[in-house]
Amino acid sequence: MATSSPLTVLYPGSFDPFHNGHLDVVTQAAELFGNVVVAVMHNPDKPGGLIALADRVDLARRCTEHVSGVRVEAFPGLAVQAASVAGADFIVKGLRTPADFDVEQQMAHTNHSVTGVRTVYLPCRSDQAFISSRFIREIAQYGGRIDHMVPAPVVATLAGIFGKPSGGSEGSS
Ligand code: PNS
């Protein structure tokens, strides 16, 4: 439940594709703070993305439409610039593992040094700590099962991209 005066938080990511761990962070953030801007962005460390930016935005919108207080937009440039444009009080990131913390802590300090924006971490659900967009892309490419890791619209989109029935089967029949 949000506090009496709702805050606006920015949840930036590449969301390639949006998965159940992302949905959990969005849901937690909406409950805790009120308004969540899901910022679909470019990650310079991941230049060869799978899904086009406009389609990532569309997918994230469809996956979060049942969560009130959420809007999804594409942003160019820096996360700190997106936070400013979105009128965000702070940035939210989800943490799965200590490795995530190492990366996110450096980004949080760097972002704070640039504009003063703060970052708040939300712990992912323990049963979702293994989910990653990278492995979802890899498994979907070979027709493996991903429907326990992503919302239904993502299953359909990846099946369309790879021409495989990624979902309930292992693709062996
Ligand atoms: O889902 P990801 O790929 O882990 O998200 C990474 C993302 C998009 C949040 C990060 O690459 C990012 O903030 N990109 C925008 C560019 C930026 O602000 N760079 C400076 C980081 S300190």
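User: How do you know that the span of helix α2 agrees with its number of residues?

Analyst: This is a predicted model. Helix α2 covers residues 53–64, which is 12 residues. At 1.5 Å a residue it should span 16 Å, and its end C-alpha atoms are 17 Å apart, so the two agree.

User: Which residues of α2 are called buried, and what makes them so?

Analyst: Arg-56, Leu-59, Ala-60, Cys-63 and Thr-64 are the buried ones in α2. A residue is called buried because 20 or more other C-beta atoms lie within 10 Å of its own.

User: Why are the buried residues of α2 said to line one face of the helix?

Analyst: Seen down the axis of α2, they fall within an arc of 120°, so they line one face.

User: What covers the buried residues of α2?

Analyst: The cover includes α1 (20–33) and β2 (34–40), along with β3 (70–74) and α6 (152–162).

User: In what pattern do the helices and strands follow along the sequence?

Analyst: The chain has six helices and five strands. Their order is β-α-β-α-β-α-β-α-β-α-α.

User: How do you know whether the radius of gyration agrees with that of a compact globule?

Analyst: For 173 residues, a compact globule would have a radius of gyration near 16 Å; the chain has 16 Å, so it agrees. Buried residues make up 35% of the chain.

User: What does UniProt list for residues 10–138?

Analyst: An unreviewed UniProt entry lists "domain: Cytidyltransferase-like" there. In the model, this span is 44% helix and 21% strand, and its end C-alpha atoms lie 28 Å apart.

Note on methods: Residues are numbered from 1 along each chain as its sequence is written. This is a predicted model: local features need pLDDT of at least 70, side-chain atom pairs count only at pLDDT 80 or more; totals for chains, interfaces and linings use all residues. UniProt positions are given in the numbering used here, feature names are shortened, and annotations may be inferred rather than shown by experiment. Helices (H or I, at least four residues) and strands (E, at least two) are DSSP runs, numbered from the N terminus. The radius of gyration is taken over C-alpha atoms; the globule rule is 2.2 Å times the number of residues to the power 0.38. A residue is buried if 20 or more other C-beta atoms lie within 10 Å of its own, exposed if 12 or fewer, and partly exposed in between; C-beta atoms are placed from the backbone. The expected span of a helix is 1.5 Å times one less than its number of residues. The arc is that of the directions from the helix axis to the C-beta atoms. Two residues are in contact if their C-beta atoms, placed from the backbone, lie within 7 Å.
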